[in-house]
Amino acid sequence: MPKQDRFSDRCITAFLLTIGAAEAAHLCTLVLHGRFSFCALLTAVAVSVVWVGYAGLLALQARRKKTEKAGKAAALSGQEKLLLVILGCILSAQLAFIVSGDSVYRDADMTVETVVSFLQTDALYQVNPMTGEAYAAGMPARLKILCLPTLYGAVCRLTGISPVLLIHRVVPCVVLVFAYLAFASLGQSLFPASRKKQLVFLVATALLFCAGNYACGVDGFALLSTGWRGVSIRNVVLIPYCFSLGMRRKYFRQLLCVCAEGCIVWTFYGLGMCLLVLAGLFACQLICGHDRPGKEACE
């Protein structure tokens, strides 16, 4: 199986680094007891530095491999073109469904209210968004260190976009695209020699997302109706990408997924799923073994 980076690897790695930069800015603001306006500016600087640094690294890698001649990709067959058209139609319908607003599920979710409280008070977690009054007994540390509300609020502060529009429309569309990138990476790892099988896998995944949008707790529902939540991002982006990385033995990026999950999942229930995926795949590779007769089949 080829181990070189793919387009999906570059995009999702930038996504993971963005979460890490936002978490660093968030923790720095909490430690310094800074204003939210300071946090928004610090988030913008941290994310920009990470993006520029990663772009420079990719450019350096591309320059080193410039002398290597890449093989020309084979032309798409008729069946592959049809599968791409079907996939494009499903993706377009899902994006339209999200943008329409009918998909939003707000039960027990206070993300918008939390972001609005940040913007109005210019402070992090000082005011209860449900009552408008200051917290009397503080907040659990595990909840306070999560960076998604801060990242969303920073985008709202710097761009002027409405928190409702950003959280309920824009972010779920972005997460949907990254979900398909993650499953595309997984499909390439499962079927490295067959582009047709990769496309069939993606179409099947897209149909399962549509069929799964019927009840809370299903991944399709999490993606199409609550795509801004940390649990949704973990289930449809981080976990499938972890499987793809484990099959290619890219452990450092798996650790990035584990860290990203810790920054966005608000409770210990389910926390550590990426770590369990990493451990499970590593155990499978140990069971296969490097000296066993079935080594080639396992790899």
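**Reading the chain**

Tutor: Start with Phe282, which is partly exposed at 40% relative accessibility. Buried means under 20% relative accessible area, exposed means over 50%, and partly exposed is in between (1.4 Å probe, protein chains only). This is a predicted model, in which local features need pLDDT of at least 70, side-chain atom pairs count only at pLDDT 80 or more, and totals for chains, interfaces and linings use all residues. Residues are numbered from 1 along each chain as its sequence is written, and side-chain values use heavy atoms, with hydrogens and water left out.

Student: Which residues make up an aromatic cluster?

Tutor: Tyr180, Phe183, Phe191, Phe201 and Phe209 form one.

Student: How many helices and strands does the chain have?

Tutor: Helices (H or I, at least four residues) and strands (E, at least two) are DSSP runs, numbered from the N terminus. Here the chain has 13 helices and zero strands. Its radius of gyration is 21 Å, close to the 19 Å given by the globule rule for 299 residues, so the chain is as compact as a globular protein of that length. That radius is taken over C-alpha atoms, and the rule is 2.2 Å times the number of residues to the power 0.38. Along the principal axes, the C-alpha atoms fill a box of roughly 65 × 40 × 40 Å.

Student: What share of the residues is buried?

Tutor: Of the 299 residues, 42% count as buried. Contact is a separate idea: it means heavy atoms within 4.5 Å. Among the contacts with a separation of 6 or more, 73% come from residues 24 or more positions apart.

Student: Where does Ser8 lie, and is Ser8 buried or exposed?

Tutor: Ser8 is in helix 1 (residues 7–32). Ser8 is buried, at 4% relative accessibility. Beyond its neighbours within four places in sequence, Ser8 contacts Leu181, Ser185 and Gln188.

Student: Which residues of helix 4 are buried?

Tutor: Thr111, Val112, Thr114, Val115, Ser117 and Phe118 are buried there. The buried residues of helix 4 pack against helix 2 (36–64), helix 6 (148–159) and helix 7 (163–190). After helix 4 comes Asp122, with a positive phi near 55°.

Student: Where is Val127?

Tutor: Val127 sits in the loop between helix 4 (111–121) and helix 5 (141–144). Leaving aside neighbours within four places in sequence, Val127 contacts Ser117, Thr121, Gly132, Glu133, Ala134 and Tyr135. Val127 and Thr114 are 13 residues apart in sequence, and their C-alpha atoms are 8.8 Å apart in space.

Conventions:
Rings of Phe, Tyr and Trp (its six-membered ring) pair if their centres lie within 6.5 Å; planes under 30 degrees apart count as stacked, over 60 as edge-to-face and the rest as tilted.
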